Amino acid sequence: IFGITTTFIFAAALGTMDSTLLSVSGLYQNDVITNIIRIRNEENNIGEFEIDGSNKTDMSSDGKRELKRTKILIIVIASAAYIVALLKLPMMVFVAGFVYQGVIQFSTLVIGGIYWRKATPVASFSASITGVVLFILFNIINFSPFDGILPGIGALVVNIIVYVIVS
């Protein structure tokens, strides 16, 4: 059972990692490298229009070259990630946890905006600002409203309450 469970965990992790690697390399190729080449060749970038309103440069005609550059980017990004993974970075766990606590403050406006019928922009801004400010304040004064739970979770609870009240 342990072997099967471990296999599933590794499969899920690898599926996520290879999708992210492919997405990042493709985005970098399309959004950065292709546009740099178009600027150098004095062509319109994707989304730019001619004076007459036509856009004849939406798609690249050189797909094989772009695919080759994307494959090279995959190798470069994966190699860089491997080198960083070999480093002993004890702060990385702390930074990941800290960033998670801050980013989760915006989950209220995303989930509330989709599912809460009474949601308003004012409630979204109020709740997010309250959550982020409390998260920063709780970390500065080293305060955890729920003993043993990360301070960002306490800020999230207040964030949700503000969201509901202001809505």
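Me: What makes the crossing of α5 and α6 right-handed?

Reply: The crossing of α5 and α6 is right-handed under the rule that the near helix is turned clockwise from the far one by less than a right angle, anticlockwise being left-handed. The model is a predicted one, in which local features need pLDDT of at least 70 and side-chain atom pairs count only at pLDDT 80 or more, while totals for chains, interfaces and linings use all residues. Residues are numbered from 1 along each chain as its sequence is written, and side-chain values use heavy atoms, with hydrogens and water left out.

Me: Why is α5 called roughly antiparallel to α6?

Reply: The axes of α5 (residues 121-140) and α6 (residues 151-166) come within 8 Å and cross at roughly 155°. Axes are lines fitted to C-alpha atoms, for helices over the stretch in contact, and angles run from 0 to 180 degrees between N-to-C directions. Angles under 35 degrees count as roughly parallel, over 145 as roughly antiparallel, 65 to 115 as roughly perpendicular and the rest as oblique. The pair α5 and α6 is therefore roughly antiparallel.

Me: Which residues of α5 and α6 meet, and how do they divide by class?

Reply: Contact means heavy atoms within 4.5 Å. Among the residues that meet are Leu134, Phe135 and Phe138 in α5, and Ala155, Val158 and Val162 in α6. The contact of α5 with α6 has 12 nonpolar, nine polar and no charged residues. Ala, Val, Leu, Ile, Met, Phe, Trp, Tyr, Cys and Pro count as nonpolar, Asp, Glu, Lys and Arg as charged, and the others, Gly among them, as polar.

Me: How do you know that the span of α2 agrees with expectation?

Reply: The expected span of a helix is 1.5 Å times one less than its number of residues. The 24 residues of α2 should span 34 Å, and the end C-alpha atoms are 35 Å apart, which agrees. For α6, with 16 residues, the reach from first C-alpha to last is 23 Å, close to the expected 22 Å.

Me: Why does Gln105 count as buried?

Reply: Buried means under 20% relative accessible area, exposed over 50%, and partly exposed in between (1.4 Å probe, protein chains only). Gln105 has 0% relative accessibility and therefore counts as buried. Gln105 lies in the loop between α3 and α4. Not counting residues up to four places away in sequence, Gln105 touches several residues, including Ser128, Phe135, Ala155 and Asn159. Ile104 lies in that loop between α3 and α4 too, and counts as buried at 16%.

Me: Which helices do the buried residues of α6 pack against?

Reply: They pack against α3 (91-103), α4 (107-115) and α5. One of these buried residues is Leu156.

Me: How many helices and strands does the chain have?

Reply: The chain has six helices and zero strands, where helices (H or I, at least four residues) and strands (E, at least two) are DSSP runs, numbered from the N terminus.
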